[in-house]
Amino acid sequence: MTENNKAGNDQRDAPTIGELQLDERSSLQRVAGLSTELTDVTEVEYRQLRLERVVLVGVWTQGSTTAQANSSLAELKALAETAGSEVLEGLIQRREKPDPATYIGSGKAHELREIVLATGADTVICDGELTPAQLTALEKVVKVKVVDRTALILDIFAQHATSREGKAQVALAQMEYMLPRLRGWGESMSRQAGGRAGSNGGVGLRGPGETKIETDRRRIRERTAKLRREIREMKTSRTTKRAKRKQAAASAVTIVGYTNAGKSSLINALTGSGVLVQNALFATLDPTTRQMSLEDGRELVITDTVGFVRHLPTQLVEAFRSTLEEVADADLLLHIVDGSDPVPTDQIMAVRKVIESVLEEEKATAPPELLVINKIDAADPLVLAQLKGLFPTAVFISAATGEGIDVLLDRIRESVARNDVHVSVRVPYERGDLVSRIHAEGDVLTERHEADGTAITATVPAALSRQLASLAIPESAE
């Protein structure tokens, strides 16, 4: 075997970046039964997540169907397992709206306490964002740690963030969530004395200064301000890179969709890039950008973004704003939907809601959207038939088996072609490469050879038109 063949085989056998990230993520896991927390939660000053043996609780509110309620609790179970928990029980209560005091009502809270005792659970996870008062009141009844959906998602993000920007964004979201939920009891409320306390200052000059909880709040605000500055600086770098990509002759395609819908699997199927793929919620937090070429010679830059979820915490949307700006600058959105989900239409609405909020914040118009139904190899044929009726222009694929990928590439090519721009340019003879690209990627309408270059009128991809902008012929000279 030659040296070149050996090198080629070694390169093929080498693990991909995604495989290395998956090994690293699997190497550090929670171990059930090990904890240094106090058993009496009323003595805990700082809320630190302990997710080991959990009971799930959801409220089935007016206006939602049985399927939606069950799907929401099933998703909460997947979130809990992704965070490293063992789910022991799941409960749904039918109410018009959550109880303002304990989320599920005082009677049901005592029933939940009995279930916690029977199962030996150490944590209750509620399928919603609870107010600080609801968390406190429910903990007093069930006497174990109570965690809401927002805290659970933040915990998963903290485990999966790898880049400096991702870690900073997650830390910012956690700080904003934690600030109104800080608690203290007894001596912790006035641990520090006033300016002259303990001296001969006399009555009225001895007393509490800044309390312990006020100190914590001040430190969190300082840390939040620092994180915001760091994220702004990183945003500048990301904006510069995005501007360079826009100047290049490549159309920007951004993949968006619900968490675990198969976005990373699709980018691997299209580009063969070896991006991290894991059957878990929020496996991808850091955006990945890859380049590929279509058969007609067009260059594409494909970006994989963080997945969305129902009731995505507002803190996360705000913290990941710089990452989600990829949506506003895209020439085409590939909206990936998990066809095997029991209620895929809810996924579509949840994703579009987040996209609308991002575009509104950026004051940008919505890019063209191509709906892609993934995982058709594992989907219910009846659900697929319903989706085909609801979304006749959608593309149905399986990123795992490759079924429908060719059709998807054709649709991407058609969608990108709709963004073609009419140009009239004079290309210098020494830039024959640009003339070749105009012929290869665009439709030439007229072409004539002049003294100082080749005058061409054509329709070309928007990305190529940006490169030709400096060669445009003034209208008066045409």
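These exercises walk through a predicted model, each with a worked solution.

Local features need pLDDT of at least 70, side-chain atom pairs count only at pLDDT 80 or more, and totals for chains, interfaces and linings use all residues. Residues are numbered from 1 along each chain as its sequence is written, and side-chain values use heavy atoms, leaving out hydrogens and water.

**Exercise 1. Find where confidence is lowest and highest in the chain.**

Step 1. Take the score: pLDDT is the predictor's confidence in each residue, from 0 to 100. The chain averages 77, and 75% of the residues score at least 70.

Step 2. Go to the elements. Helices (H or I, at least four residues) and strands (E, at least two) are DSSP runs, numbered from the N terminus. Helix H1 (residues 3-13) is lowest, with a mean of 51. Strand E10 (residues 395-396) is highest, at 94.

Step 3. Where pLDDT is low, the predicted coordinates should not be read in detail.

**Exercise 2. Work out the strand order of the open sheet of 6 strands.**

Step 1. Recall the rule: two strands pair if DSSP finds at least two bridges between them.

Step 2. Start at strand E7 (residues 299-304).

Step 3. Strand E6 (residues 288-293) pairs with E7 in the antiparallel sense, over 6 bridges. Here Ser293 stands opposite Glu299. The E6-E7 hairpin has 5 residues between the strands, and Gly297 takes a positive phi near 95°. Strand E5 (residues 251-257) pairs with E7 in the parallel sense, over 5 bridges.

Step 4. Step from E5 to strand E8 (residues 332-338). These two run parallel, joined by 5 bridges. Ile255 has Asp304 as its bridge partner in E7 and stands opposite Leu334 in E8.

Step 5. Write the order: E6-E7-E5-E8-E9-E10, with mixed pairing. E6 and E10 are the edge strands, each pairing on one side only.

**Exercise 3. Describe how helices H9 and H14 cross.**

Step 1. The axes of H9 (residues 263-271) and H14 (residues 405-417) come within 11 Å and cross at roughly 85°.

Step 2. Classify the angle. H9 is roughly perpendicular to H14, a class that spans 65 to 115 degrees.

Step 3. List the contact residues (heavy atoms within 4.5 Å). H9 gives Leu266, Ala269 and Leu270, and H14 gives Ile405, Leu408 and Leu409.

Terms used: Axes fitted to C-alpha atoms, helices over the stretch in contact; angles between N-to-C directions. Parallel < 35°, antiparallel > 145°, perpendicular 65-115°, else oblique.
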